[in-house]
Amino acid sequence: MTRASLNKQPHEVASMFDDVAANYDLTNDVLSLGQDRLWRREVAKAVNARPAQKVLDLAAGTATSSLPFAATGAYVVPCDFSLGMLREGKKRHPHLPLTAGDATKLPFRDSVFDTVTISFGLRNVQDTDAALRELYRVTKPGGQVVICEFSHPTWAPLRTVYTEYLMRALPPVARAVSSNPDAYVYLAESIREWPDQPALASRLKQAGWTKVAWRNLTGGIVALHRGTKPAA
């Protein structure tokens, strides 16, 4: 796959996720060697949702990621641009208000949410900077953003092993467990092309977020970025 082939149109990416919706959570668990559960626990800790708070869970897929927030008593809105994912999520979690939405043009008013969060979805948005500005727009003054995304391992030997896994081991594993293995070849390439930790932090600041910081998970394979919208 070439760099050019990563420039998929939004409807093409949405269709790709529609195709993998049924087995998406299982496939992620297998491909991450179970690490995705640890990463999502860290997201839940960072969000620190509380009763009556409003949380936007963007790129929520089947809404599995939204369950820890709902369990705290917070009002969580799982949002995704893949109708296939949303349909699968609604079957599993009919009590949640799953909502269709484009990260670059969210269907919400200004300053609605106490926390906006997106896990493993920002790199699939066509215009990252527009998405970061939209997340800022719908967040209340004093609210926060929490982004969990694949990143760049900080230890060179791990980075080498990880890159080899993405390019060599991931496709055959995906063929064994996924209904659309080509989607995971695309995802592997999108991970490799994604900006490193400081670069994403810089883009958050450019979108208006303050107190921007990150911490690495699993040696930097994943990074958890946070930012705050200045209080009015």
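Visitor: Among contacts in the protein chain between residues at least 6 apart in sequence, what share joins residues at least 24 apart?
Guide: The share is 68%. Bear in mind that this is a predicted model. The chain has nine helices and seven strands. Of its 232 residues, 50% count as buried.

Visitor: What makes Lys 140 and Asp 114 a salt bridge?
Guide: Their closest N and O atoms are 3.5 Å apart. The cut-off is 4 Å, so the pair qualifies. In general, side chains of opposite charge can pair when their charged atoms come close.

Visitor: Which parts of the chain does the pair of Lys 140 and Asp 114 tie together?
Guide: Lys 140 lies in strand β5 and Asp 114 in strand β4, so the link spans 26 residues in sequence.

Visitor: Why is Lys 140 called partly exposed?
Guide: Its relative accessible area is 28%. Buried means under 20% and exposed means over 50%, so Lys 140 falls in between.

Visitor: How do you know that Arg 123 and Glu 149 form a salt bridge?
Guide: The N to O distance is 2.6 Å. That is within 4 Å, so the label holds. Arg 123 sits in the loop between β4 and α6, and Glu 149 in strand β5, so this pair also ties together parts 26 residues apart in sequence.

Visitor: Are Arg 123 and Glu 149 buried or exposed?
Guide: Arg 123 has 10% relative accessibility. Glu 149 has 2%. Each value is under 20%, so both residues count as buried.

Visitor: What about Arg 137 and Glu 134: what links their side chains?
Guide: A salt bridge, at 2.7 Å from N to O. Both residues lie in helix α6, three residues apart, which is about one turn of the helix. Arg 137 is at 22% relative accessibility and counts as partly exposed. Glu 134 is at 11%, under the 20% cut-off, so Glu 134 is buried.

Visitor: How many salt bridges are there by this rule?
Guide: The count comes to nine. Glu 42, Lys 45 and Arg 215 are linked in a network of them.

Visitor: Why is the pair of Trp 39 and Phe 150 called edge-to-face?
Guide: The ring centres are 5.8 Å apart, and the planes stand at 90°.

Visitor: What makes the pair of Phe 120 and Phe 150 tilted?
Guide: The angle between the planes is 45°, with 4.8 Å from centre to centre. Under 30 degrees would be stacked and over 60 edge-to-face, so 45° is tilted. Trp 39, Phe 120 and Phe 150 form one aromatic cluster.

Visitor: How do you know that Phe 120 and Phe 150 are buried?
Guide: Phe 120 has a relative accessible area of 9%. Phe 150 has 16%. Both fall under 20%, so both are buried. Trp 39 is buried too.

Visitor: Why does Ala 46 count as buried?
Guide: Ala 46 is at 6% relative accessibility, under 20%, so the term applies. Ala 46 belongs to helix α3. Residues that Ala 46 touches include Gln 144 and Leu 224.

Technical notes
Residues are numbered from 1 along each chain as its sequence is written. This is a predicted model: local features need pLDDT of at least 70, side-chain atom pairs count only at pLDDT 80 or more; totals for chains, interfaces and linings use all residues. Side-chain values use heavy atoms; hydrogens and water are left out. Helices (H or I, at least four residues) and strands (E, at least two) are DSSP runs, numbered from the N terminus. Buried means under 20% relative accessible area, exposed over 50%, partly exposed in between (1.4 Å probe, protein chains only). Contact means heavy atoms within 4.5 Å. Rings of Phe, Tyr and Trp (its six-membered ring) pair if their centres lie within 6.5 Å; planes under 30 degrees apart count as stacked, over 60 as edge-to-face and the rest as tilted. Lists of a residue's contacts leave out its neighbours within four places in sequence.
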